[in-house]
Amino acid sequence: LNEHPAADGVGVVSLREAIELRQAGVSKRIFVLGIIDAPLSSVVDLDLDLVVYDNEVIDELNLYACSRNKRASVHLKVDTGLSR
């Protein structure tokens, strides 16, 4: 994945999968699209991108990132009325 010129990053279902990829040496962007099944601190510590739709998750990430003098990379999921 790191060497493939057309791949800017990869999307995974769970935070645990993202952690495994980062630990395996994947340095490109990793987007966590679904399940938060590991500590949220991993998002900041391992420079992962998290899709969020819950204010509590956003607040927790913000507190942790600020305590580390870093920024959390998030993508907001907004329900526009279609429940998707």
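## Salt bridge

A salt bridge is a side-chain nitrogen of Lys or Arg within 4 Å of a carboxyl oxygen of Asp or Glu. In this predicted model, the count by that rule is 1 salt bridge. Arginine 29 pairs with aspartate 49, and their closest N and O atoms are 2.4 Å apart.

Arginine 29 is partly exposed, at a relative accessible area of 41%, whereas aspartate 49 is buried, at 3%.

An open sheet is formed by 4 strands in the order 1-2-3-4, with parallel pairing. Strand 1 (9-14) and strand 4 (73-76) are at the edges and have a single partner strand each, so one side of each has no neighbour in the sheet. On average, neighbouring strands are turned by 30° against each other, direction ignored.

Strand 2 and strand 3 run parallel and are joined by 2 bridges. Valine 32 stands opposite leucine 50 of strand 3.

## Helices on the sheet

Helix 1 lies across strand 1 and strand 2, and runs at about 140° to strand 1. Helix 3 packs on the sheet and touches strand 3 and strand 4. The direction of helix 3 makes about 150° with that of strand 3.

## Nonpolar core

The largest nonpolar core has 18 residues, and Leu15, Val43, Leu50 and Leu61 have the most contacts inside it. Helix 3 (55-67) is among the elements that each supply at least two residues of this core; its share, 4 residues, is the largest. Leucine 61 touches several residues, including Val43, Leu50 and Val74.

Notes: Residues numbered from 1 in each chain as written. Predicted model: local features only at pLDDT ≥ 70, side-chain atom pairs only at ≥ 80, totals over all residues. Heavy atoms only, no water. Buried < 20%, exposed > 50% of the residue type's maximum accessible area, 1.4 Å probe, protein only. Core = buried A, V, L, I, M, F, W, Y, C linked by side-chain atoms within 4.5 Å. Contact = heavy atoms within 4.5 Å. Pairing = 2+ DSSP bridges. Axes fitted to C-alpha atoms, helices over the stretch in contact; angles between N-to-C directions. Lists of a residue's contacts leave out its neighbours within four places in sequence.
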